[in-house]
Amino acid sequence: MPASSPSYLMSGAVNPRGKKEKPPASASAGNLGNQEYLVQYFAKRQQAIAQGTSRTFSIEKPHTCTKCQRININAATFTIPEKIHLCPDLRSAVDAAAAGCAFYEWLVDLLILKSNVSPSEMPFLGSSSADISFYLELNTRRPPESYMLFMVYAELVEADGEYVTHTLLKGSLNAWTTEDDLAAPYIRHRPTELQKDSQRTMRFIRDCLRICEASHAVCRYTEGEAQSTGHETISILDLPTRLLQVASDGQSVKLVITQALSNTVQHDLSRQGYASLSYCWGGAQPLQLTRSTLGKLCRGIGISDLPKTLCDAIRTTVALDLRHIWIDALCIMQDDASDVELEISRMPLYYGANTVTISAESAAACTEGFLDRGSTTFAAGPFEIPFTTELGRGSIQFFQESRNEVIAPISRRGWTFQESMLSRRMIAFGESQAVWCCSVASVGCGGIFSDLASDEEFLGVSGSNFTMAVVLKYSFEDAWDKMVQEFMGRALSVESDKLLAISALASRMAQVALERKLSVRYLAGLFVKMSYMVSWARELLWIVNPEMAQRPQKYRAPSWSWAALDGPWSHLHIFLPPPYDVRKYEFDFKVTDTRIELSHPKAPYGGIKGAWIVVTGWARRIDGNPGVNILLQQWPKTWLSKEERTVADLLLFCDTKGDRASVELALQGQTENDVFLLEIIPPYLTKNTPSVGLIILDKMKSGMMSRIGAYVFYFAPSERGRDVYERFFNGMLEDCRLI
């Protein structure tokens, strides 16, 4: 194949003059004579699909049979995308499927899935003058699946093949082949490498690191440093307090204190770099750094004596030609609270300044390891299809990847989120393969996203782990919201760690705010522009799933912060005023004072002992039914359509089941507590927008109030609806302290 040829060139059956062939003439005059047979087959397949029964294949054992081996893609005819006809008529496709060909079975199933009626009602099964033609065509990067290599079509064609009435369906397929196959020069995708400790995997991660260091300026610790020094250098001041040094034979490690190293060794270390491990502890650690184990670790320990995940991390470090690695369990003094607090505050450096982060994505515990054989599933295939070249016959595999994403253990853990987000470069060892992630691209070892050096840059191929570059494409506020939303879906072993487990990420976002020249203040998980009420509205208005949300046993955050709860979280941004309309809103809601008492004065983004804000705004005490249509809304619906609305509709979003019980008692007038609706966003009457605010509880009428939910109040754009709104609020809550 000439060097100048495109990476993918797919063509169909082409006659000697280069014109498209018509579909081969059907043996029958349409489907009338075949109708009963076809209806029976379709009914049988419809039942099988409904029951979820399907045949499965693998990369090593793809489907192949005499039927699909008759399909032939010929490299000699590659000039422009052409149709590759698969069968002359529907009966032929059904016969092949009934004979056991999984590829033709999948093709016919596409028709069944496309039709939402019984087989006897499918119009194309009753046509007496037309038939169905299946064909493949090269996908010329058409959205929405431009990365899919082939498009699959079924068209209703007149019996003479001259007239195509319309396309019945359009599907997609991808293709790959092995490096040593004769089709390899024409198909650039390679099968996913499932063996995560293979030579191919280790070569892949080493090459990705070298390419990134050499050509990705935005991934360097300091942009432009490679231009002046020729390589990346980590500041000595940014090196971790302690590191594990790997022996030259890779069979043992010892703990080193970086400040105790000589200047020469420190300088060499800053040039060589180091790796950091992100992993799930999965319970008590067999070995930790404590006062009693310090001497043992400083003298050295064999990697075979370490938990398997840590052992695999050191093997990976060696494969990357690095000599040092930071692992929290062995580099933080676990029985020294001050050291833990200090080292956690330095995590933005330990993950942000390192050379690369190794993420043990598939391991649920430190004892499991991650350099095992992965597994993958397919929505279709793989199907082995012949591919003829001038050197002989090769083969490719058609397939569709499964859309059922496996939730990796690491994506369920709270602490690991900021570790991946802070990293500039990361290698995620997932359920199926190793994936490289950096600020420029995300690619796998094999698969459809596997070329780091190409101009096709995809972020977020690893669904469980990704770097901050994925979210920093958005505005500061949207980026932080996306981080909080992901973090709130994760679990923590120690519930009091909520703010601490995202503190390093909050610290990094504070730097981003400075870089973007934004004046924000961090308050117990919220980034707020203090004098801008829309910013307060954005940060205070959120909802959680009351069926899953829980409050911790001990205090860790104020009720108005998302950090006060555990469980899925979402914002209420759809009700924020558009920037160009803000001036038209009359905000009576005000935040007049704030206070945050930090757990540790030197950790402004860490845990807190207490916090409150003082607010003023229009409010309505709930003491019996307020005379409007009340809906205790279910997660995650936050709106009513015009058809669902009455004159006045009050949607109440309670934070927990207990909060819902408090609200229900207040609606019945049977509570000793005061429950208020505090308006934050007023309606913009000419745009028919709702009133939006918080549900707050004054327990035992003590004057110390807490958030227990949010509300949305719709009213009709009529004189009657506006009158209901004007009479709804009792008066102003002034200088109300929310704790």
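Helix α13 gives the most residues to the lining of the second largest cavity, contributing three. The structure is a predicted model. In this model α13 also packs against helix α14, their axes coming within 11 Å.

**The second largest cavity**
- The count of cavities of 30 Å³ or more comes to five.
- The second largest cavity holds about 60 Å³ of space.
- Its lining is made up of Trp-480, Asp-481, Val-484, Leu-526, Arg-538, Glu-539, Leu-541, Trp-542, Trp-562, Trp-569, His-571 and His-573.
- Two or more residues of this lining come from each of α13, α15 (533-540) and β20 (569-571).
- By class, the lining residues are seven nonpolar, two polar and three charged.

**The pairing of α13 and α14**
- Helix α13 covers residues 476-488 and helix α14 covers residues 503-515; their axes cross at roughly 170°.
- Angles over 145 degrees count as roughly antiparallel, so α13 is roughly antiparallel to α14.
- On the α13 side, the contact is made by Phe-476, Ala-479, Trp-480 and Met-483.
- On the α14 side, the contact is made by Leu-505, Ala-506, Met-509, Val-512 and Ala-513.
- The contact residues are nine nonpolar, with no polar and no charged ones.

**Where the two topics meet**
- Trp-480 belongs to the contact of α13 with α14, and Trp-480 also lines the second largest cavity.
- The helix contact has no charged residues, whereas the cavity lining has three.

Methods:
Residues are numbered from 1 along each chain as its sequence is written. This is a predicted model: local features need pLDDT of at least 70, side-chain atom pairs count only at pLDDT 80 or more; totals for chains, interfaces and linings use all residues. Side-chain values use heavy atoms; hydrogens and water are left out. Axes are lines fitted to C-alpha atoms, for helices over the stretch in contact, and angles run from 0 to 180 degrees between N-to-C directions. Helices (H or I, at least four residues) and strands (E, at least two) are DSSP runs, numbered from the N terminus. Angles under 35 degrees count as roughly parallel, over 145 as roughly antiparallel, 65 to 115 as roughly perpendicular and the rest as oblique. Contact means heavy atoms within 4.5 Å. Ala, Val, Leu, Ile, Met, Phe, Trp, Tyr, Cys and Pro count as nonpolar, Asp, Glu, Lys and Arg as charged, and the others, Gly among them, as polar. On a 1 Å grid over the protein atoms alone, a cavity is a set of points where a 1.4 Å probe fits but cannot get out, and a pocket is an open set with protein on both sides within 12 Å along at least five of seven lines; lining residues have an atom within 4 Å of a point. Grid points are joined across faces, edges and corners, and a volume is the space filled by probe spheres set on the points.
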